[in-house]
Amino acid sequence: MDTTSNTVANSGKDMADAAANKIQSGIWEAKKALDKAGDQLSSKVEDLRTDSKPVIKHMRDQAQSLAEGVRDTGRKFRVAAIRTSDSVASFTKENPVKAILIAAASGAVLMTLCNAIARYRRN
């Protein structure tokens, strides 16, 4: 009977070893799959980084161009405002009566417009 128990014990040990080997093999395969997935993900991230550099540079260049355009337009408006201010001042010095009449007419038109807007809002 001793032989039968040894055979059963050896058989149980063999089954346990086989199960352990299968588990260890599964863990090793899972690790390999995770390593491969990590490498692929890293590669995709690097590809994305490489592909996005020209797009980011293009966007930055467009933003700089837009900012330069806004600054240039601001300068043009400033110059136009200075010229207009200078011409209004010189016109007023040369034609004070006309300047007063123009200012009064402009004020009257503005008041008429404000009153019309106020009446429209009330109704």
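Me: How many helices and strands does the chain have?
Reply: Helices (H or I, at least four residues) and strands (E, at least two) are DSSP runs, numbered from the N terminus. This is a predicted model, where local features need pLDDT of at least 70, side-chain atom pairs count only at pLDDT 80 or more, and totals for chains, interfaces and linings use all residues. Residues are numbered from 1 along each chain as its sequence is written, and side-chain values use heavy atoms, with hydrogens and water left out. The count is two helices and zero strands.

Me: What radius of gyration does the chain have?
Reply: The radius is taken over C-alpha atoms, and the globule rule is 2.2 Å times the number of residues to the power 0.38. For 123 residues, a compact globule would come near 14 Å. The C-alpha atoms here fill a box of roughly 135 × 45 × 15 Å, taken along the principal axes. The chain's radius of gyration is 44 Å.

Me: What percentage of the 123 residues is buried?
Reply: Buried means under 20% relative accessible area, exposed over 50%, and partly exposed in between (1.4 Å probe, protein chains only). Buried residues make up 1%.

Me: How many salt bridges does a search of the whole structure find?
Reply: A salt bridge is a side-chain nitrogen of Lys or Arg within 4 Å of a carboxyl oxygen of Asp or Glu. One of them joins Asp 61 and Lys 57, at 3.0 Å from N to O. The search total is four.

Me: Which residue forms a salt bridge with Asp 35?
Reply: Look in helix 1 (residues 2-94), four residues from Asp 35, about one turn of the helix. The closest N and O atoms are 3.2 Å apart. Asp 35 is partly exposed, at 40% relative accessible area. Its partner is Lys 31.

Me: Is Lys 76 buried or exposed?
Reply: Lys 76 meets Asp 72 in a salt bridge (3.5 Å, N to O). The two are four residues apart in helix 1, so about one helical turn separates them. Asp 72 is partly exposed, at 33%. Lys 76 has a relative accessible area of 56%, so Lys 76 is exposed.

Me: Which residues form a nonpolar patch on the surface?
Reply: Patch residues have over 30% relative accessible area and no salt bridge; like charges are joined within 9 Å, nonpolar side chains (Val, Leu, Ile, Met, Phe, Trp, Tyr) within 5 Å. One member lies in helix 2 (residues 96-122): Leu 113, with a relative accessible area of 49%. The patch has about 290 Å² of accessible area (Shrake-Rupley method, 1.4 Å probe; for residues, only the protein chains shown count as cover). The members are Leu 110, Leu 113 and Ile 117.
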